[in-house]
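Here is a short report for a reader meeting this structure for the first time. Start with the view below.

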Amino acid sequence: MNIEKVAKGYQFTEGPTWSREGFFLFSDTITNKIYRFIGGTGISDYADVPGGPNGNTYDIQGRLYTCEFRSRRVTRTSKKGAVEVLASKFEGKRLNAPNDIVVRRDGHIYFTDPAFGDQQDSRELDFFGVYHITPKGDLEALAKWKTRPNGITLSPTGKVLYVADSDARLIRAYDLDKSGAASRERVAIAKIEGVPDGIRTDEKGNLYVAAKYVFVYSEDGKPIGHIELSETPSNLTFGDADLESLVITARTFVYRVRLGVKGALQY
């Protein structure tokens, strides 16, 4: 397996996502920057986000969603650059520190709201949330955890939501109906080595988990293999025109691995 370093020298890379316009984005959370990566071209500045960009994703309309952990909000940026705040408070209290986000094809939005390090000192909510925003903009707490949720993704069909539990070191799963509502919480993968962060699925339903390494599990939670890097991975996404590249953020580096299997884009 050829593991290519495509970027280096950053402070803490996170939030990789693929645009159908032909490029990857990733956040450097410490410096409040989002960068663009194009294979064969290189890295360029994309956006300054003073609120602290973490997780990013796109929807089917090509709009960019960003979890801003410092400003404690979730934003959506139009293709023309207009920024809209989708969530900043729940029941009158500020969110903790939005971390990762996914958008289903039909416009239902799901994001995690943990709090790490100093973020815990200014919490107003007494739980760590997994949230759902409906296409009409209504915000609901899908789950209220005592442990901290982190990475979030969907199955290829969009009928299952997966959420990483960093404290319990496992992946939880929820069934989603047509209205976007969740039910049947369960443990999909347990006893993960390291702290599970970003997660993704491929077209076969296999799960890719950024933890000590990038671990790969079958849809029924059985280990398939792993990708070992020189730094601990934080998040990952599928992309390139054939969706067969896995781009992995890992602290000061960004890697790309050609896998020969297509990722499951939710948009």
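## Ground rules

This is a predicted model, in which local features need pLDDT of at least 70 and side-chain atom pairs count only at pLDDT 80 or more, while totals for chains, interfaces and linings use all residues. Residues are numbered from 1 along each chain as its sequence is written, and side-chain values use heavy atoms, with hydrogens and water left out.

## The whole protein

The protein has 26 strands and zero helices. Both kinds of element are DSSP runs numbered from the N terminus: helices are H or I with at least four residues, strands are E with at least two.

How does the radius of gyration agree with that of a compact globule? A compact globule of 267 residues would have a value near 18 Å, and the protein has 17 Å, which agrees. The radius is taken over C-alpha atoms, and the globule rule is 2.2 Å times the number of residues to the power 0.38. Along its principal axes, the C-alpha trace spans about 50 × 40 × 35 Å.

Of the 267 residues, 57% count as buried. Buried means under 20% relative accessible area, exposed means over 50%, and partly exposed lies in between (1.4 Å probe, protein chains only). The accessible surface comes to about 11400 Å², and 47% of it belongs to carbon and sulfur atoms. These areas come from the Shrake-Rupley method with a 1.4 Å probe; for residues, only the protein chains shown count as cover.

Take contacts between residues at least 6 apart in sequence: 44% of them join residues at least 24 apart. Contact means heavy atoms within 4.5 Å.

There are 37 positive and 35 negative side chains, and the centres of the two sets lie 2 Å apart. Lys and Arg count as positive, Asp and Glu as negative; His and the chain ends are not counted. Each charge is placed at NZ of Lys, CZ of Arg, CG of Asp or CD of Glu.

## A ring cluster

The structure holds 14 aromatic pairs. Rings of Phe, Tyr and Trp (its six-membered ring) pair if their centres lie within 6.5 Å; planes under 30 degrees apart count as stacked, over 60 as edge-to-face and the rest as tilted.

Phe90 and Tyr131 form an edge-to-face pair, with ring centres 5.4 Å apart and planes at 65 degrees. This pair links distant parts of the chain: Phe90 is in strand E10 (residues 89–90), and Tyr131 is in strand E14 (residues 128–133), 41 residues apart. Phe127 also pairs with Tyr131; their centres are 6.4 Å apart and their planes at 45 degrees, so this pair is tilted. Phe127 and Tyr131 are both buried. Ring pairs link Phe90, Phe111, Phe127 and Tyr131 into a cluster.

## Single residues

| Residue | Relative accessible area | Class |
|---|---|---|
| Phe90 | 8% | buried |
| Tyr131 | 0% | buried |
| Arg73 | 26% | partly exposed |
| Thr77 | 19% | buried |
| Tyr35 | 12% | buried |

Arg73 sits in strand E8 (residues 73–77). Beyond its neighbours within four places in sequence, Arg73 contacts residues including Thr66, Val85 and Pro98. Thr77 is also in strand E8.

Tyr35 lies in strand E4 (residues 33–38). Its C-alpha atom is 6.8 Å from that of Ala47, twelve residues apart along the chain.
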